[in-house]
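Open the model in your viewer and keep the selection tool at hand. The tour goes stop by stop: select, look, move on.

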Amino acid sequence: MTIRTTQAPPPRTESRGAAPRPRRRPASPQWAAWAFLAPVTLYLGLFYAYPLYRNLDLSLRDYTVRSFVQGDAPFTGLANYRKILDDPTFAPALLHTAVFTAVCLVFQYAIGLALAVFFHQNFRLSATLRALFLVPWLLPLIVSASTWSWMLNSESGVVNTLLGALGVGPVNWLTSPSWSLTSVIIANIWIGVPFNLVVLHSGLQSIPAGLYEAAALDGAGAWQRFWRITFPLLRPVSAITLLLGLVYTLKVFDIIWIMTKGGPADSSTTFATWSYRLGFGNLLPAFGPGAAVGNLLVVAALVFGLIYVRVQRKQALS
């Protein structure tokens, strides 16, 4: 009996004179990361960094219409900032901006939170009614502002018509210095409530239902469950809601300009409307002071943003 043995074929040898094939090196993950970041970086640079730089440059130079086109405006340093600080409009505009922002934030958050808790009960038609509350948020601002201007019209507005039916005299909502700021605040609250409703309602969805059941078994009432469970667990969502609302409210321009144009007698002028009026609302535009007022709004938003980041870090470490 013979046993056949098989031998493995000899390994291939490169022919003489043939160069070895180079091995492909795997792509560096760092280059892949930069490739994904490139579109975002380009977008932020073109639409955020460059406009901020141009606005800063405008505020540090004495721009006129001619120098704005030719680009030869002289450098004036902080002269435009000193000019707006000495302007008699600065103090009223600062006060109106603070009041407008604070009152809108408080009422938008309070009403939005109350509606979010109400719709969290998931009763019949809850989704339909919640969708209807989004209408003010979806409408263009020019439509919302024009609607409120018509409703608050002193002579033919529906609000004064209802007040007359109740025996109350007409109110000059848009033409009285005592009521103009109140009018634009009411309109802006109406527009901002849906955003708070959506964000806070989504935050309520993340709270476990078992916590409410355990609290109810312990005898906690509706108010105690809200104050002890809902409100504390909504703090992270509430913080980002208030921050975004603050940034949005600081730069509100459309509503005020369409309804009152900042008047009468600057009674509803804020930094946003004042900046626009300085830069584009006069026959001889003051680009430098207008940009300086705009930069004050940017600094205010940046300060509150840094405060939010600092608070969030402290909460994460605690």
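**Stop 1**

Select Lys251. Lys251 sits in the loop between H12 and H13. Bear in mind that the model is predicted. Is Lys251 buried or exposed? The relative accessible area of Lys251 is 53%, so this residue is exposed, the cut-off being over 50%.

**Stop 2**

Before reading on, look at a second pair for contrast of geometry. Across the whole structure, a search finds 19 aromatic pairs. One of them is Tyr43 with Tyr48, an edge-to-face pair. Their ring centres are 5.9 Å apart, and the planes make an angle of 65 degrees. How exposed are these two tyrosines? Tyr43 has a relative accessible area of 44% and is partly exposed. Tyr48 is partly exposed too, at 47%.

Return to Phe253 and Tyr276. What is the geometry of this pair? The centres are 4.6 Å apart and the planes stand at 45 degrees, so the pair is tilted. Tyr276 has a relative accessibility of 32%, which counts as partly exposed.

**Stop 1: the loop between H13 and H14**

Move along to Pro264, in the loop between H13 and H14. Check the peptide bond between Gly263 and Pro264. This bond is cis, with omega at about -5 degrees.

Step on to Ala265, in the loop between H13 and H14. The phi of Ala265 is near 55 degrees, a positive value in a residue other than glycine. Ala265 is exposed, with a relative accessible area of 74%.

Asp266 belongs to the loop between H13 and H14 as well. Here phi is near 60 degrees, again positive in a residue other than glycine. Is Asp266 buried, exposed or partly exposed? With 24% relative accessibility, Asp266 counts as partly exposed.

**Stop 2: helix H9**

Select residues 180-205, which make up helix H9. Count 26 residues. From first C-alpha to last, H9 reaches 39 Å, close to the 38 Å expected at 1.5 Å a residue. Where does H9 bend? Center on Gly192: the bend there is about 30 degrees. A proline, Pro194, follows within four residues. Next, show the surroundings of H9. Of its 26 residues, 19 are buried, so H9 is largely enclosed by the rest of the structure.

**Stop 3: two helix pairs**

Two packed helices are described by the angle between their axes and the distance between the axes.

Select helix H10 (residues 209-217) and helix H11 (residues 222-233). Their axes come within 10 Å and cross at roughly 160 degrees. An angle over 145 degrees counts as roughly antiparallel, so H10 and H11 are described that way. The crossing of H10 and H11 is right-handed.

Now select helix H1 (residues 29-59) and helix H15 (residues 287-317). The axes of H1 and H15 are 7 Å apart, and the helices pack at about 130 degrees. How are H1 and H15 oriented to each other? They are oblique. H1 passes H15 in a left-handed crossing.

**Stop 6**

Finish at Ala165, in helix H8 (residues 158-165). Ala165 is exposed, at 66% relative accessible area. Select Thr269 as well and draw the distance. From C-alpha to C-alpha, Ala165 and Thr269 are 32 Å apart in space. In sequence, 104 residues separate Ala165 and Thr269.

Key:
Residues numbered from 1 in each chain as written. Predicted model: local features only at pLDDT ≥ 70, side-chain atom pairs only at ≥ 80, totals over all residues. Heavy atoms only, no water. Helix = DSSP H or I, 4+ residues; strand = E, 2+ residues; numbered from the N terminus. Expected span 1.5 Å × (residues − 1). Bend = angle between axes of the 7 residues up to and from the residue. Buried < 20%, exposed > 50% of the residue type's maximum accessible area, 1.4 Å probe, protein only. Phe/Tyr/Trp six-rings, centres within 6.5 Å; stacked < 30°, edge-to-face > 60°. Axes fitted to C-alpha atoms, helices over the stretch in contact; angles between N-to-C directions. Parallel < 35°, antiparallel > 145°, perpendicular 65-115°, else oblique. Left-handed = near helix turned anticlockwise from the far one by under 90°.
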